[in-house]
Amino acid sequence: RLGVYEDDRSSDFESAVVLSENTQSARCRFNGPLAVHLHLFHSEMAESLRTHLNAIPRKFDLFISISDSSLALSIKETFQTLEQVQKLFVEVDPNMGRDIAPMLVTFASRLSSYELLLHIHSKTSEHTTAKHGWASQMTRHLLGSRGLTAQLLNLFADNSRLGLAFPVYHSSVVDEIEWGTNFTCAQQIMRRMSEPLSEGQL
């Protein structure tokens, strides 16, 4: 888990790696193939997410999934001017499987060739006021600035055993984090990698 803003009361910082918000000059040492998958169900968030993606300090390929085919051209025009984007793919997917199916089905074969993948999606959480800041909290912790994102990428450059980094839990979901029926499956996957996993590891 990544904690970035120590004064951010929207976040739970237990067991988090705290990055520095102010290190704008941090040099990115990660030089492997990098891809970003953006699931853009809420197209009204395109401009704000484009701004956040500009925080990535090195070249990357961008894969965007949308559910409305009439928006394909405008979405492509919005993101193709990003400074660090090398290749841009915009594809239409049915609104099924939330943000996960496009990543694991539509783009799966292409994304598997990259060493590192950033997965983000538009999120409004309009069903409850407590979660209205959830989307901005997540993007702020991953893509708050070029210096911050460089530090995040450097975690992977410095530790070949690191498999996943994600923002600290938003305060509105801290008490909702649980394995449910997924623990047995996750434990089997970890065994294949010769890594132990306990139910307390969330």
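## Strand β4 and its serine

S65 is buried, with a relative accessible area of 0%; buried means under 20% relative accessible area, exposed over 50%, and partly exposed in between (1.4 Å probe, protein chains only). This is a predicted model, in which local features need pLDDT of at least 70 and side-chain atom pairs count only at pLDDT 80 or more, while totals for chains, interfaces and linings use all residues. Residues are numbered from 1 along each chain as its sequence is written, and side-chain values use heavy atoms, with hydrogens and water left out.

S65 belongs to strand β4, which covers residues 60–66. Helices (H or I, at least four residues) and strands (E, at least two) are DSSP runs, numbered from the N terminus. The side chain of S65 meets that of H37 in a polar contact of 3.0 Å. Such a contact is a pair of N or O atoms within 3.5 Å; within protein, one must be able to donate a hydrogen and the other to accept it, and residues adjacent in sequence count only if both atoms are side-chain atoms. Setting aside residues up to four places away in sequence, S65 touches H37, L38, H39, L40, E91, D93, P102 and F107, where contact means heavy atoms within 4.5 Å.

## The fold as a whole

Stepping back, the protein has 7 helices and 6 strands. Along the sequence they follow the pattern β-β-β-α-β-α-β-α-α-β-α-α-α.

Of the 202 residues, 41% count as buried. Take the contacts between residues at least 6 apart in sequence: 72% of them join residues at least 24 apart.

The structure holds 5 aromatic pairs. Rings of Phe, Tyr and Trp (its six-membered ring) pair if their centres lie within 6.5 Å; planes under 30 degrees apart count as stacked, over 60 as edge-to-face and the rest as tilted. One of the pairs is F63 with F89, which is stacked, at 4.7 Å centre to centre and 15° between the planes. F63 lies in strand β4 and F89 in strand β5 (residues 85–92), so this pair ties together parts that are 26 residues apart in sequence. F63 is buried at 1% relative accessibility, whereas F89 is partly exposed at 26%.

F63 also pairs with Y114: the ring centres are 5.9 Å apart and the planes stand at 85°, so this pair is edge-to-face. Y114 sits in the loop between α4 (108–111) and β6 (116–121), while F63 is in strand β4, so the pair ties together parts that are 51 residues apart in sequence. Both F63 and Y114 are buried. Together, F63, F89, F107 and Y114 form one aromatic cluster; F107 is also among the residues that S65 touches.

## Helix α5 and its two partners

Now to the helices. Two packed helices are described by the angle between their axes and the distance between the axes. Here axes are lines fitted to C-alpha atoms, for helices over the stretch in contact, and angles run from 0 to 180 degrees between N-to-C directions. The axes of α5 (residues 134–143) and α6 (residues 146–158) come within 7 Å and cross at roughly 75°. That makes α5 roughly perpendicular to α6; angles under 35 degrees count as roughly parallel, over 145 as roughly antiparallel, 65 to 115 as roughly perpendicular and the rest as oblique. On the α5 side the contact is made by R140, H141, L142 and L143, and on the α6 side by L148, T149 and L152. By class, this contact has 4 nonpolar, 2 polar and 1 charged residues, with Ala, Val, Leu, Ile, Met, Phe, Trp, Tyr, Cys and Pro counted as nonpolar, Asp, Glu, Lys and Arg as charged, and the others, Gly among them, as polar.

Helix α1 (residues 46–53) packs on α5 at an angle of about 25°, with the axes 10 Å apart. The two are therefore roughly parallel to each other. L49, H52 and L53 of α1 meet T139, R140 and L143 of α5, a set that divides into 3 nonpolar, 2 polar and 1 charged.

Helix α5 is mostly covered, with 7 of its 10 residues buried: W134, A135, Q137, T139, H141, L142 and L143. H141 has a relative accessibility of 0%, and a polar atom of its side chain lies 2.7 Å from the backbone oxygen of Q137.

In helix α1, L53 is buried too, with a relative accessible area of 1%. Leaving aside neighbours within four places in sequence, L53 is in contact with V36, L38, F60, L62, F79, L82, I120 and L143. L53 and E83 are 30 residues apart in sequence and 9.6 Å apart in space, C-alpha to C-alpha.
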